[in-house]
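Happy to walk through this one with you.

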Amino acid sequence: MKSTLRQTLERFGSRSLYVRLTLFAALIVVLSTVVRLVVVTTLLDRDARKTAGENQFATATYIAKDVDARIRLRFDFLRLAAERFTDDSKGKASRWLEDSLSYRLLFSGGLALYDPTGTLIAETATPGQQPASVAGQDWFAKALDSQGPLIARLYRAGDRPFMTMATAVRDSSGRPLALLTGTAGLIEDNFLKSVYEQKVGEAGSVLVVDPVANLLVTSSLGPKFLAPAAPPGINPLHDKGRSGFRGVGETVNADGQQVLSAMVSIPAAGWFLVVQEPTDQAYRPVWLLKNNFVLFGGISVLVASFIVYSILAYLLGPLTEAAGRLHAMAQNDEPIDFLPLRRNDEIGMIVTCFNSLLANLREKEALVSHMAYHDALTGLPNLQLFRDRLTQGLHHAQRQRSDLALLYLDLDGFKPINDKYGHAAGDAVLQEIARRVTSLLRKSDTVARIGGDEFAVILAESGDDGVLVAEKCREVVSHPISFEGQTVSVGVSIGVARYPIDGTTEEELLRAADDAMYQAKRLAREGSGDACKSTGSPL
């Protein structure tokens, strides 16, 4: 058994039934493992993504609220300072600004006071640090008209980023008396330093984006300050963020990395904050679980394959024997014969069926051979058998120094019958023509159907009978044919070629007969001759 099994494997390789069934069992294990993997990991993936997104959003919300609170604290300071300003304060503006001692904690860049025309009145910072006039700034008019503090501008002074806030100082009637500005360093400990130092996982980052100016206010990825944000079209999720989207989603960042991002608004500034982390880190627990499932599945496949392979080696022994015998028969190592029946099971049924098929095949070999060389409709020899007999006839004529005639018949008026009465009528006409022509010939002669409505006749040792037989064929073909109550008629054009007068080879005789047939067809159409023509001598 082991030797037979080894021979079978060596012979069939991956086509062996042992291998296929073993692979099928392994496939079942793989599919079941994959199903479990898909179901379990889908649920885990969904929950993990939801949980990761919620955690990301919670982190973003916390940081955004902290940043918003720091901005609002500075807004509140400017608002309270503006409310303390009076007409008397204007004459001693510098003293009034210096009295606001707490400003140093919030505005490391100092305070500045401008009159309604935008001219600098006083400043707490080093003289010249604040612009002498802001009348030309695009935010100046907006700040004077605003009913509360706003972010005036973001800029760099050397390598340090700053943000200037502004609010209008008004009298009791609401008329603007001055413009109060405060400048804060973005990287101060009590401002945005905690943002750009914030770490999210191993490679995550926090970004603060100004959607109006398309500006990256600060980012822990680098870190970066006041850098241009990715242009529209680079990061689809950020594009949605500029349009007002707030939430969690996956996107591809400007570096081409797939990330999980959470977006939260910073209302006081009109910005939004993004906390992002590469998805391969955010979803790492799920992927580790998937890997464990795959490892377990691989072990299951190996164990199941070994068990199935061992069982099959026992159960399929008779089939292996039958396969070996059949292979030996196919290689002519032993004669084709019936197989021995070992078991009355499915394999035994296969052996019984094979033996029955072998008996039937031997009976049908003659029928198959006949069908290969004969026309299915008329039963006449086909073109292949016709050429073989023409070759044999020429060889016989050459050896015996005798003659041979070749008739080429082409039906006239056959196509209208097909078109008018259908293919069934056309088939009946062809069968009747075949019967009539055959009845005229000797057993040593051959009539074959070589085309749709074309026939050929080989007359061995014909003498001068070729033309005579052609006339008889034309006569019997012209007789009316009945089909399902209808009477139809066809004509025939016949070309006759004789060996050795018109040719000594197959091709020469066929060409001569074909040319004679077309000449006869032409003469018949012109009414100047019969529908039979011999190339060797006139009719």
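The largest cavity has a volume of about 80 Å³. The model is a predicted one.

Q: How many cavities of 30 Å³ or more does a search of the whole structure find?
A: The search finds two. The second largest cavity holds about 50 Å³ of space.

Q: What makes a space a cavity here, rather than a pocket?
A: A cavity is a set of points where a 1.4 Å probe fits but cannot get out, whereas a pocket is an open set. Rolling a probe the size of a water molecule over the atoms shows where empty space is left.

Q: Which residues and elements line the largest cavity?
A: The lining has 13 residues, and Pro 318, Ala 322, Pro 340, Arg 342 and Val 351 lie nearest the centre. Two elements give two or more residues each to this lining: helix 11 (317-330) and helix 12 (346-372). Helix 11 supplies the largest share, four residues.

Q: What is the make-up of the lining of the largest cavity by class?
A: There are seven nonpolar, one polar and five charged residues. Arg 342, one of those nearest the centre, counts as charged because Arg is listed with Asp, Glu and Lys in that class.

Q: What lines the second largest cavity, and how do its residues divide?
A: Its lining consists of Tyr 114, Gln 130, Pro 131, Val 134, Gln 137, Trp 139, Arg 153, Thr 164 and Thr 181. They divide into four nonpolar, four polar and one charged. Tyr and Trp both count as nonpolar in this scheme, so Tyr 114 and Trp 139 go into that class.

Q: Which residues of helix 12 are buried, and where does the helix bend?
A: Ile 347, Gly 348, Val 351, Asn 355 and Leu 358 are buried in helix 12. Val 351 is also one of the residues nearest the centre of the largest cavity. The bend, of about 40°, is at Lys 364.

Q: What volume does the largest pocket have, and what surrounds it?
A: Its volume is about 450 Å³. The lining has 18 residues, with Lys 142, Ile 151, Ala 152, Asp 210 and Ala 269 nearest the centre. Strand 3 (residues 150-157) gives the largest share, five residues. By class, 13 are nonpolar, one is polar and four are charged.

Q: Which elements give two or more residues to the lining of the second largest pocket?
A: They are strand 6 (205-210), strand 7 (215-219), strand 8 (224-228) and helix 8 (236-242). About 270 Å³ of space lies in this second largest pocket. Among its 16 lining residues, Leu 207, Leu 216, Lys 224, Ala 230 and Ala 254 lie nearest the centre. The lining divides into eight nonpolar, five polar and three charged residues.

Q: Why is Arg 436 called buried?
A: Its relative accessibility is 11%, and buried means under 20%, so Arg 436 counts as buried. Arg 436 sits in helix 15 (residues 423-440). Beyond its neighbours within four places in sequence, Arg 436 is in contact with Val 476, Val 477, His 479, Pro 480 and Ile 481.

Q: What makes the phi of Leu 226 and of Arg 401 worth a remark?
A: Phi is near 50° for Leu 226 and near 55° for Arg 401, positive values in residues other than glycine. Most residues other than glycine have a negative phi.

Q: Are Leu 226 and Arg 401 buried or exposed?
A: Leu 226, in strand 8, has a relative accessible area of 14%; the cut-off for buried is under 20%, so Leu 226 is buried. Arg 401 lies in the loop between helix 13 (383-400) and strand 12 (404-412). Its relative accessibility is 78%, and exposed means over 50%, so Arg 401 counts as exposed.

Q: How do you know that the peptide bond joining Tyr 499 and Pro 500 is cis?
A: Omega is about 0° for this bond, which is cis. Most peptide bonds are trans. Pro 500 is in the loop between strand 17 (491-499) and helix 17 (506-526).

Terms used:
Residues are numbered from 1 along each chain as its sequence is written. This is a predicted model: local features need pLDDT of at least 70, side-chain atom pairs count only at pLDDT 80 or more; totals for chains, interfaces and linings use all residues. Side-chain values use heavy atoms; hydrogens and water are left out. On a 1 Å grid over the protein atoms alone, a cavity is a set of points where a 1.4 Å probe fits but cannot get out, and a pocket is an open set with protein on both sides within 12 Å along at least five of seven lines; lining residues have an atom within 4 Å of a point. Grid points are joined across faces, edges and corners, and a volume is the space filled by probe spheres set on the points. The bend at a residue is the angle between axes fitted to the seven residues ending there and the seven starting there. Buried means under 20% relative accessible area, exposed over 50%, partly exposed in between (1.4 Å probe, protein chains only). Contact means heavy atoms within 4.5 Å.
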